[in-house]
Amino acid sequence: MTKEELWKAVLGEMETSLSKANFTTWFKNTSIVASETDSIVVSVPNGFIKEWLENKFNKQILTSIQHLVPEIREVRYTIGNNNPFLNAKKDFSQFVPDKLADQKQSGEVNPQTNLNKKYSFDSFVVGSHNELAHAATLAVSKGPGKVYNPLFLYGGVGLGKTHLLQSTGNKVLEDDPTKKILYIPSERLTQEIVESVRNKSVEDLKHRYAKIDVLIIDDIQFIAGKEKTQEIIFSTFNELYGKNKQIILSSDRPPKAIPALEERLRSRFEGGMIADVSLPDYETRLAILKMKSKQKNFELDENVYSYIATNIQKNIRELEGALNRVIAVSQIYNKSLDLKEVKKLLVTYLSTPYKKTTPQLILKSVSDFYGISLQDLVKRSRKKEVVRPRQIAMYLLREETKSSFPEIGQKLGGRDHSTVIHAYEKVKTEEESDEATKQELVLIKERIYQSMDK
Ligand code: ADP
Ligand code: MG
């Protein structure tokens, strides 16, 4: 199968699962430009699309490729030189390239530290939602290893964690260029560890990490259930901590809520300062938009800012994406857009659904996981093999959707709320005391989150 054939097949599969507008937006002018035995590189028209494919569609694309070439483990995206400006249509609802994001994307990443200079405290807007996290990272950047160690940031996707971590690294390095800094997402660290185990070079790896002054691990939640990774992080942590070297971590949830995390690591993570970032309020969203457009030397109408700030609430990355899009179009047409045009332009953007767990998704994931039918799970079936899956489903419905106990009972064959409470308590106790149950829940949750990405 050639690269072209493979990509065509993938596109065919993607097309069936997306609306036409969405499909065109994200997959137009994409192609496979390189392939190795276990990875392929997909060329995309610009940074905006690159980010979306990476964040929203990567799993689906990878799964689709694996249907045809099971060896492929990784898809990377690169910005190609097929100039999408040439294809810009007069229709505003068509995808419009994000020239500015392209420039930003090319912001240099230092291969030694993995730091990207585009992130700084100067370009970070402080609001009540991130005040503590900002103050803590700033303090750490001024006295690494001296104030809070470790520093643990947590909060939802696109809310500025990486920005703060990277800014901290950049600031330390700016003040003292001799400092050894490493920023690394935990998935990459895991990969390195797996490779070092394979190459029998674990000691080298440990030795390298022991020399770092500021170790920044982003999205640490992904080490859940990865024993070897946890073991090495634990020993590195102790080594660095013992020498007053700074450790900074981020996660989408607090240490307590990371499943399948060894107790000894959890208590280490909780041993310093924990700061959260939550959702920005309207004023802060407005301030972020204004600052970003100022950085781009571009001003929009007040009611356009307010429209974007009103409609995008949960994710600063998306806020920025919408702004970039409006600016790019304004530049192409060389005029400022009025509110009506902006609304039209952002239609596809705003209608892209947010990730959301639904009871259906949970029930489906549970029945898939245990290999039983959805019918058996939700009906009053008395089959013995569905009792436990049903209890697990009850527990997850409560934890993940915050449904009330009576509601959950309704969904699962009209059961009494006391039955649900009993199941919930039982599974909760097991999750805390029994390693196997804990693992089971992690795996089911992974399924749920993965299907959310689709
Ligand atoms: P996270 O790591 O929490 O998922 P990021 O740090 O990647 O989020 O932030 C997403 C985008 O939003 C980045 O481009 C970042 O620069 C921007 N951003 C987030 N918070 C702020 C802020 N308070 N001020 C300016 N830009 C921000
Ligand atoms: Mg991040």
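Two strands are taken to pair if DSSP finds at least two bridges between them, and helices (H or I, at least four residues) and strands (E, at least two) are DSSP runs numbered from the N terminus. The structure is a predicted model, in which local features need pLDDT of at least 70 and side-chain atom pairs count only at pLDDT 80 or more, whereas totals for chains, interfaces and linings use all residues. Residues are numbered from 1 along each chain as its sequence is written, chains are lettered from A and ligands numbered from 1 in the order in which they are written, and side-chain values use heavy atoms, with hydrogens and water left out.

Strand 1 and strand 2 (residues 39–44) pair in the antiparallel sense over 4 bridges. Within this pairing, Ile 32 stands opposite Val 42 of strand 2. Both strands belong to an open sheet of 3 strands, with the order 1-2-3 and mixed pairing. Strand 1 (31–35) and strand 3 (74–79) form the edges, each pairing on one side only. From one strand to the next, the twist averages 30 degrees; axes are lines fitted to C-alpha atoms, for helices over the stretch in contact, and angles run from 0 to 180 degrees between N-to-C directions.

Helix 1 (residues 3–17) packs on the sheet and touches strand 1 and strand 2, contact being defined as heavy atoms within 4.5 Å. The direction of helix 1 makes about 130 degrees with that of strand 1. Helix 3 (residues 47–68) lies across strand 2 and strand 3 and runs at about 155 degrees to strand 3.

Ligand 1 is surrounded by 19 residues, the closest being Val 125, Gly 158, His 163, Arg 317 and Glu 320; a residue is included if one of its heavy atoms lies within 4 Å of the molecule. At least two residues of this shell come from each of helix 6 (161–175), helix 11 (282–295) and helix 13 (316–333). Polar contacts (pairs of N or O atoms within 3.5 Å) link the ligand to several residues. A backbone N or O atom of Gly 158 lies 2.7 Å from an oxygen atom of ligand 1. For side-chain N or O atoms, the distance to a ligand oxygen atom is 2.8 Å at Thr 162 and 2.7 Å at Glu 320. Taken alone, ligand 1 exposes 550 Å², of which the protein buries 94% (Shrake-Rupley method, 1.4 Å probe).

Lys 402 is found in the loop between helix 17 (387–401) and helix 18 (405–411). This residue counts as exposed because its relative accessibility is 63%, the cut-off for exposed being over 50%.

Conventions
Buried means under 20% relative accessible area, exposed over 50%, partly exposed in between (1.4 Å probe, protein chains only). A polar contact is a pair of N or O atoms within 3.5 Å; within protein, one must be able to donate a hydrogen and the other to accept it, and residues adjacent in sequence count only if both atoms are side-chain atoms.
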